[in-house]
Amino acid sequence: MRGFRRYSTYRAATLAGVFTNSVFGVIIAYTYIALWDVRPSLGGYDIDQAVTFAWIAQALIAPVAIFGGFVVDELAERVRTGAAAIDLHRPVSLLGLRLAEDLGRGAYHLISRGVIPTLLGALLFDLVWPDTLGTAALAALSIVMAIVVSFGLRYLLGLLAYWIIDIQGPQWIVVLSQIFFSGMMLPLVVFPAWLRTIADLLPFRCMIQIPIDVFLSDSTGTAVAPLLAVQLVWIVILLTAGAALTQIAVRKVVVQGG
Amino acid sequence: MVDAARGFVVIAGAWVRAALTYRTSFVIMVLVQVVITFLDFAAILIMFSHLDAFGGFTLPQIALLFAMSGFALGAADLLVGNSEALGRRIRDGSFDQMLVRPVAPIVQVAADRFAIRRVGRIAQALGVLTWALLSVSIDWTVGRVVVLVGAMLCGSVIFCAVFVMGGAFQVFAGDAAEVSNAFTYGGNTLTQYPLTIYPTELVKGVTFIVPLAFVNWYPGLYVLGIDDPFGLPSWFQFASPIAAVVFVVAAATFWRIAVRHYRSTGS
């Protein structure tokens, strides 16, 4: 709840973000239309599904923090200033606290920067919606899991600051991978086979490609269970690693500043 | 004007020296910029693995449009891209300090925290441009060379004006940096593709309202020797300088109004 309120305070910033997501939604939708016009059913999508992909991907950018930031910068900043010492005294786990905060942030970004551009997209284009409530619920679950995967990555990255202080290098590598291998740049279904194989081995597709495939599953006939399983496996891996690393960080941390 | 240029060079120079002090960091940041901006082209390459032509244009032709737009945005981003941060400066009160210093506020806004790493985008665009020029078939004339070089300069000026307008807008709208992103990075994304893939209204919008089509589309058509698919007047293909001048005047006016209307947050 605190995370939700913290981000909902900045309304102008939110509106600006909604506007930008919508502009990009329009541009990218037209590029996909041009592509699928020439190659209908490319990658198993039809034109409407591809356009839906463009809009839902825009809607997910902020909730799953494709461009990074949030938890990462804060953890790193607190290491640099020494505030990290206080975090380690708190009666709740650092991971649990940050996760709760980030879910609040994600929920806010989903409602504001996710729902509004999608509605606008629905006004301008023919979007494909889930046929049944069951699929809609699974898509919602998949989106929540996408936010948790994204949190897991950002938390690990932030924890790195306990060891190397300046995490800009690794941070950029993760952001670049997130942009390219999540499906945000282009749906992974149009990737050449070798690149698709690489993308499938990485956690980034949990953030955009998988939730959208679940969203579209009624009309594309994609099996949902394996997709959700992939997300769950990555959540377990990332959060377990996060918890273990937190333990090590507590033991070895050298608090900066005074 | 000379004073403004000198002020810019002095302030920006200090930031360049600061950036170059940590050489490894600097090299990495430039490489990151090159890679991140190249990802857009990688997406186009992947699209072309399924197509022979996109919106009626071949890959080398699109590469030329892509590079012209990328260069223009890159140059503008390097020179005045920091105007995006005006919202933050207004919030923390540091814009007040700029207003009392003896250098024009626009120069300070642009030059403060001057980020030389942004040459990465320009380098990437020039790389794609080189490839495009080597692989595209153009019947080169002096006119085409002049239009190409002129468009890259005018395009940079047009994007500079967009950045400045975005900064000025934040005086009224508060922390709305992302609105200008829609026109700068959004405009760049839009013009990376041939405008034939968009509806006519959108093409008219980027011709008559925000003249982004003059960055690469109209001059690009002339350089490539393609008739305007929308049938707009052919003199548009030489009109980039006019569009640039008109838009700069509009941006300067808007900036002046914004600075005059500025109320400090008082912090």
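**View 1. Helix 2 and helix 3 of chain B cross in a right-handed sense.** A crossing is called right-handed if the near helix is turned clockwise from the far one by less than a right angle, and left-handed if anticlockwise. The model is predicted, so that local features need pLDDT of at least 70 and side-chain atom pairs count only at pLDDT 80 or more, while totals for chains, interfaces and linings use all residues. Residues are numbered from 1 along each chain as its sequence is written, and chains are lettered from A and ligands numbered from 1 in the order in which they are written. The two helices pack at an angle of about 165 degrees with their axes 11 Å apart (axes are lines fitted to C-alpha atoms, for helices over the stretch in contact, and angles run from 0 to 180 degrees between N-to-C directions). Helix 2 of chain B is therefore roughly antiparallel to helix 3 of chain B (over 145 degrees; under 35 counts as roughly parallel, 65 to 115 as roughly perpendicular and the rest as oblique). B:Thr37, B:Phe41, B:Ile44 and B:Phe48 of helix 2 meet B:Leu59, B:Ile62, B:Phe66 and B:Gly70 of helix 3, residues being in contact if their C-beta atoms, placed from the backbone, lie within 7 Å. By class, this contact has 6 nonpolar, 2 polar and no charged residues (Ala, Val, Leu, Ile, Met, Phe, Trp, Tyr, Cys and Pro are nonpolar, Asp, Glu, Lys and Arg charged, and the others, Gly among them, polar).

**View 2. Helix 3 (residues 59-80) and helix 8 (residues 142-173) of chain B cross at roughly 50 degrees, their axes coming within 8 Å.** This angle makes helix 3 of chain B oblique to helix 8 of chain B, and the crossing is right-handed. Among the residues that meet are B:Met68, B:Phe71 and B:Leu79 from helix 3 and B:Met152, B:Phe159 and B:Phe163 from helix 8. The residues of this contact divide into 15 nonpolar, 2 polar and no charged. Helix 8 of chain B has 32 residues and reaches 46 Å from its first C-alpha to its last, close to the 46 Å expected at 1.5 Å a residue, and B:Gly174, with a positive phi near 70 degrees, follows this helix.

**View 3. Helix 2 (residues 11-38) of chain A packs against helix 9 (residues 177-191) of chain B at about 15 degrees, with their axes 7 Å apart.** These two helices are therefore roughly parallel to each other, and helix 2 of chain A passes helix 9 of chain B in a right-handed crossing. The residues of their contact divide into 10 nonpolar, 5 polar and 1 charged. Across the whole boundary, 28 residues of chain B are in contact with 27 residues of chain A, and the side of chain B that touches chain A draws at least two residues each from helix 2 (23-48) and helix 9 of chain B.

**View 4. Helix 6 of chain A bends by about 35 degrees at A:Leu110.** The bend is the angle between axes fitted to the seven residues ending there and the seven starting there.

How values were computed
Helices (H or I, at least four residues) and strands (E, at least two) are DSSP runs, numbered from the N terminus. Two residues are in contact if their C-beta atoms, placed from the backbone, lie within 7 Å. The expected span of a helix is 1.5 Å times one less than its number of residues.
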